[in-house]
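Please look over the sequence and the model below before reading on.

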Amino acid sequence: MLLFEKKIDAREEDIFSELHHFLLRKNNRHLTNDEIVALTGISSDLLYKWVKTGKLKTSIFPNLGAPCERCGKITQAKICVNCSSTIVNTLQQEEKDQAWFNKIQRNNSRASTYHYK
């Protein structure tokens, strides 16, 4: 089984090497994921894997991306802008709700205490 895995890894490295040389040509650096898949026949999953692991750097190849880990939309970051803003908004609302709840708790605790003169 281990020998089989080594053969697959070696094959992937050969494919990566050929793809990398192809992309380094000046007119190929700005190709998108779909264009690369169409021109080379490489599977999109393999291309996404290399982008996610950083083997294909988006600083060198600006139109490459991988699926957002939340919604699946192609992005250059782990999470797309829409999902990121949704998460931030949810966290901000949670903070507001927690502050409101704490305020209510403080007000209720004062009302239920007895004061003797």
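**From the surface to single residues**

The protein exposes about 9200 Å², and carbon and sulfur atoms supply 55% of this area; accessible areas come from the Shrake-Rupley method with a 1.4 Å probe, and for residues only the protein chains shown count as cover. The model is a predicted one, in which local features need pLDDT of at least 70 and side-chain atom pairs count only at pLDDT 80 or more, while totals for chains, interfaces and linings use all residues. Residues are numbered from 1 along each chain as its sequence is written, and side-chain values use heavy atoms, with hydrogens and water left out.

The secondary structure comes to four helices and two strands, where helices (H or I, at least four residues) and strands (E, at least two) are DSSP runs numbered from the N terminus. Read along the sequence, these elements follow the pattern α-α-α-β-β-α. Of the 117 residues in the protein, buried residues make up 21%; buried means under 20% relative accessible area, exposed means over 50%, and partly exposed lies in between (1.4 Å probe, protein chains only). If we take contacts (heavy atoms within 4.5 Å) between residues at least 6 apart in sequence, 38% of them join residues at least 24 apart.

How do helix 2 and helix 3 lie relative to each other? The axes of helix 2 (residues 33-40) and helix 3 (residues 44-53) come within 10 Å and cross at roughly 130°; such axes are lines fitted to C-alpha atoms, for helices over the stretch in contact, and angles run from 0 to 180 degrees between N-to-C directions. The two helices, helix 2 and helix 3, are therefore oblique to each other, since angles under 35 degrees count as roughly parallel, over 145 as roughly antiparallel, 65 to 115 as roughly perpendicular and the rest as oblique. On the helix 2 side of the contact are Asn33, Ile36 and Val37, which meet Ser44, Leu47 and Tyr48 in helix 3. The residues of this contact of helix 2 with helix 3 divide into four nonpolar, two polar and no charged, where Ala, Val, Leu, Ile, Met, Phe, Trp, Tyr, Cys and Pro count as nonpolar, Asp, Glu, Lys and Arg as charged, and the others, Gly among them, as polar. In helix 3, the buried residues are Leu46, Leu47, Tyr48, Trp50 and Val51, and helix 3 is followed by Gly54, whose phi is positive, near 90°.

Asn33, found in helix 2, is buried, with a relative accessible area of 5%. Not counting residues up to four places away in sequence, Asn33 touches Leu47, Tyr48, Asn63, Leu64, Gly65 and Ile74. Ile74 itself lies in strand 2 (residues 74-75) and is partly exposed, with a relative accessible area of 41%. Although Ile74 and Asn33 are 41 residues apart along the chain, their C-alpha atoms are separated by 9.1 Å.

Two loop residues complete the tour. Asn28, in the loop between helix 1 (2-24) and helix 2, is buried at a relative accessible area of 9%, and, leaving aside its neighbours within four places in sequence, Asn28 is in contact with Phe22 and Leu23. Lys55, by contrast, has its place in the loop between helix 3 and strand 1 (66-67) and counts as partly exposed at 30% relative accessibility. With the neighbours within four places again left aside, Lys55 is in contact with Glu13, Phe16 and Trp50.
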